[in-house]
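The sequence and structure come first, and the text follows.

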Amino acid sequence: MKSLSFLPGDIIAEHIVEHFQKEGFSGITEAMIIRVGLKQGSRGEVDAAFEEALESDRMLPVHEHFDLHPFGHYAESRSFEEARSAIQSDFGISLRVDLPRLFFEPAPIIIDDALATGTRYDAMIKLCDNIDGFAYAILLNDPDSSFIEYLGTHHGKDWDKLLDGITTTAIALAPEFTLN
């Protein structure tokens with residue numbers, strides 16, 4: 001089942017999956033693009049709040065500091081509604097802990113969840129700098145492997161070139177989603 005959700009970035013998400021598959025990452029079958037906005041706090045305040053939560057073994061203050069909205073979704077094996085209903089478990093702490101980095105630092109950024117299995121997202125990628133106060137993150141899923149395993153098996157891959165190819169694909173497909 002190939003599933004589109006009728007979000008503005010669905011076609012971008014589909015082409016990102018296709019791009020990775022053409023580059024030899026055949027197991028990557030899902031991409032969700034999320035738009036990340038800052039609700040409150042400076043970089044230092046947000047970092048401190050996340051660090052304090054980690055040290056106190058409390059939930060990360062994601063929704064206190066960030067506003068997250070789906071922007072696009074494509075999956076070969078589940079619908080957007082299925083992915084959305086599982087987002088709490090599938091968007092793991094290993095990725096969420098780096099939301100401050102994703103939001104505040106310039107692109108490109110690749111964050112990996114080496115322990116992701118099944119429908120949990122393996123990687124979170126930021127391809128471009130923030131646009132109008134929002135960061136756009138691509139969550140990638142390979143149900144059978146982790147993104148870090150791909151990194152290990154694809155020695156010699158030029159990751160900057162691979163990311164540039166995805167960015168070029170996204171720009172060509174969605175002029176309203178300007179990545180410059």
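The charged end of arginine 35 lies over the ring of phenylalanine 134, 4.2 Å from the ring centre. A charge counts as sitting over a ring if NZ of Lys or CZ of Arg is within 6 Å of the ring centre and within 35 degrees of the ring normal.

The model is predicted: local features need pLDDT of at least 70, side-chain atom pairs count only at pLDDT 80 or more, and totals for chains, interfaces and linings use all residues. Residues are numbered from 1 along each chain as its sequence is written, and side-chain values use heavy atoms, with hydrogens and water left out.

The protein has 9 helices and 6 strands; these are DSSP runs (helices H or I, at least four residues; strands E, at least two), numbered from the N terminus. Of its 180 residues, 48% count as buried, where buried means under 20% relative accessible area, exposed over 50%, and partly exposed in between (1.4 Å probe, protein chains only).

The structure holds 5 aromatic pairs. Rings of Phe, Tyr and Trp (its six-membered ring) pair if their centres lie within 6.5 Å; planes under 30 degrees apart count as stacked, over 60 as edge-to-face and the rest as tilted. Two of these pairs are set out below.

| Ring pair | Centre distance | Plane angle | Type |
|---|---|---|---|
| Phe20 and Phe25 | 5.5 Å | 80° | edge-to-face |
| Phe103 and Phe104 | 5.1 Å | 85° | edge-to-face |

Phenylalanine 20 is buried at 1% relative accessibility, and phenylalanine 25 is buried at 0%. Phenylalanine 103 is buried at 8%, whereas phenylalanine 104 is partly exposed at 26%. Ring pairs also join Phe103 and Phe104 with Phe50 and Phe66 in a cluster.

The largest nonpolar core has 23 residues, and those with the most contacts inside it are Val36, Leu99, Met124 and Leu139. Such a core is a set of buried Ala, Val, Leu, Ile, Met, Phe, Trp, Tyr and Cys residues joined through side-chain atoms within 4.5 Å. Among the elements that give two or more residues to this core are β2 (30–38), α2 (43–55) and β6 (134–141). A second, separate core of 19 residues includes Ala13, Phe25, Ile28 and Ile131.

Leaving aside neighbours within four places in sequence, leucine 139 is in contact with residues including Glu30, Ile87, Tyr121 and Met124; contact means heavy atoms within 4.5 Å.
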